[in-house]
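The structure is shown first, and the description follows.

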Amino acid sequence: MKVLTAGEAVSRFVARGSVVGMGGQNINRCPMALVHEVIRQGVGGLTVVGCNLSLPLDMLVAAGLVVRTEQGTGNLERYGTLFAWRRAVERGEVSVGDHSHLAMASRFAAAALGLPYLPTRSLLGTDLLADMVAEGVAVESVDPFGGKPLVLVRAMAPDVALIHANRADTLGNTVIEGVTSHEVDMVRAAKVTIVSAEQVLPAGAFADRPEQVTIPEAYVTAVVEQPFGAFPTSVYRAYDFAESEIKEYQGLGRTGDEHLRAWISANLGACFEEYLATRDAGGTLRRTLADRMRSLV
């Protein structure tokens with residue numbers, strides 16, 4: 001069986017200097033419980049990669065654990081930029097490999113297929129292409145069959161992928177409801193994958209409905225059961241995002257890194273359950289978010 005606590009999974013599989021593939025998108029299904037555990041254990045020197053690196057990245061940067069990012073975007077859309085990340089980049093503490101979303105997803109897809117690269121035309125004529133060529137992650141080429149220009153993007157295989165899911169069984173078969181974005185290819189590309197899930201079911205729970213399995217057990221290294229493990233971001237069919245929490249964090253982010261570090265110190269206790277109890281004593285907010293999601297779906 002692959003079931004571990006978050007502390008055990010991070011301690012075993014997230015090493016200093018790792019390339020960490022981040023699941024989730026913006027305010028949807030981010031692996032918050034796993035990221036909190038990385039912060040609690042102080043695992044630093046990380047390179048964080050993904051499509052939209054949002055709240056998890058900013059917290060890792062505010063905690064001083066990130067040295068590089070490679071991503072399509074880094075923001076919380078209508079809630080603003082990632083303030084700790086932006087300041088760290090401006091100070092030269094974090095280097096950035098800027099991509100389009102498709103380019104980043106294509107890099108994961110190449111590694112998932114066991115290929116050194118994949119071709120695309122989407123970067124042609126863009127400023128991004130020149131930067132990616134200079135950094136050695138893209139090459140301009142020519143279609144050998146049609147003679148038209150192409151871009152070859154280099155495969156990206158993270159050392160460890162962190163994702164949050166709706167359900168998993170004890171063997172690692174994982175069900176994600178709603179949008180998966182880059183995550184399936186990222187997981188297939190990664191050397192190690194840690195899945196946190198709202199619910200962990202017995203082995204064989206999906207045997208009579210295999211079509212529901214988004215990620216088969218062969219690609220999953222560890223499973224962590226964590227209800228509300230994406231809080232304050234949302235999980236489709238489970239709970240909505242907590243706008244008040246996101247706005248509070250972003251408000252602190254605007255004021256400076258000291259306020260974010262103080263928030264992290266005050267709120268990230270011994271385990272994620274303690275964090276949830278600190279932020280939502282009695283669970284009123286969580287019940288409201290679950291009810292709101294049920295009303296939407």
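## Basis and conventions

Helices (H or I, at least four residues) and strands (E, at least two) are DSSP runs, numbered from the N terminus. The model is predicted: local features need pLDDT of at least 70, side-chain atom pairs count only at pLDDT 80 or more, and totals for chains, interfaces and linings use all residues. Residues are numbered from 1 along each chain as its sequence is written, and side-chain values use heavy atoms, with hydrogens and water left out.

## Overall architecture

The chain contains 11 helices and 11 strands. Its radius of gyration, 19 Å, is close to the 19 Å that the globule rule gives for 297 residues, so the chain is as compact as a globular protein of that length. The radius is taken over C-alpha atoms, and the rule is 2.2 Å times the number of residues to the power 0.38. Along its principal axes, the C-alpha trace spans about 65 × 50 × 40 Å.

Of the 297 residues, 55% count as buried, a term that means under 20% relative accessible area, with exposed over 50% and partly exposed in between (1.4 Å probe, protein chains only). The chain exposes about 12300 Å², of which carbon and sulfur atoms supply 53%; accessible areas come from the Shrake-Rupley method with a 1.4 Å probe, and for residues only the protein chains shown count as cover. Among contacts (heavy atoms within 4.5 Å) with a separation of 6 or more, 75% join residues 24 or more positions apart.

Just after helix 3, glycine 64 takes a positive phi of about 80°.

Valine 48 is found in strand 2 (residues 46-52) and counts as buried because its relative accessibility is 0%. Beyond residues up to four places away in sequence, valine 48 touches Val20, Met22, Leu53, Leu57, Leu60, Val66, Arg68, Thr69 and Glu70.

## Pocket and cavity

On a 1 Å grid over the protein atoms alone, a cavity is a set of points where a 1.4 Å probe fits but cannot get out, whereas a pocket is an open set with protein on both sides within 12 Å along at least five of seven lines; lining residues have an atom within 4 Å of a point. Grid points are joined across faces, edges and corners, and a volume is the space filled by probe spheres set on the points.

The largest pocket has a volume of about 160 Å³. Its lining comprises 15 residues, of which Val61, Gly64, Val66, Ala88 and Glu93 lie nearest the centre. Two or more lining residues come from each of helix 3 (55-62), strand 3 (66-73), helix 4 (83-90) and helix 9 (257-267). The structure also holds 1 cavity of 30 Å³ or more, and about 40 Å³ of space lies in the largest cavity. This cavity is lined by Leu55, Met59, Pro232, Glu245, Ile246, Tyr249, Trp263 and Tyr275. Helix 8 gives the most to that lining, with 3 residues.

## Glutamate 183

Glutamate 183 is placed in helix 7 (residues 183-189), and it counts as buried because its relative accessibility is 1%. Leaving aside neighbours within four places in sequence, glutamate 183 is in contact with Gly23, Gly24, Arg29 and Ile163.
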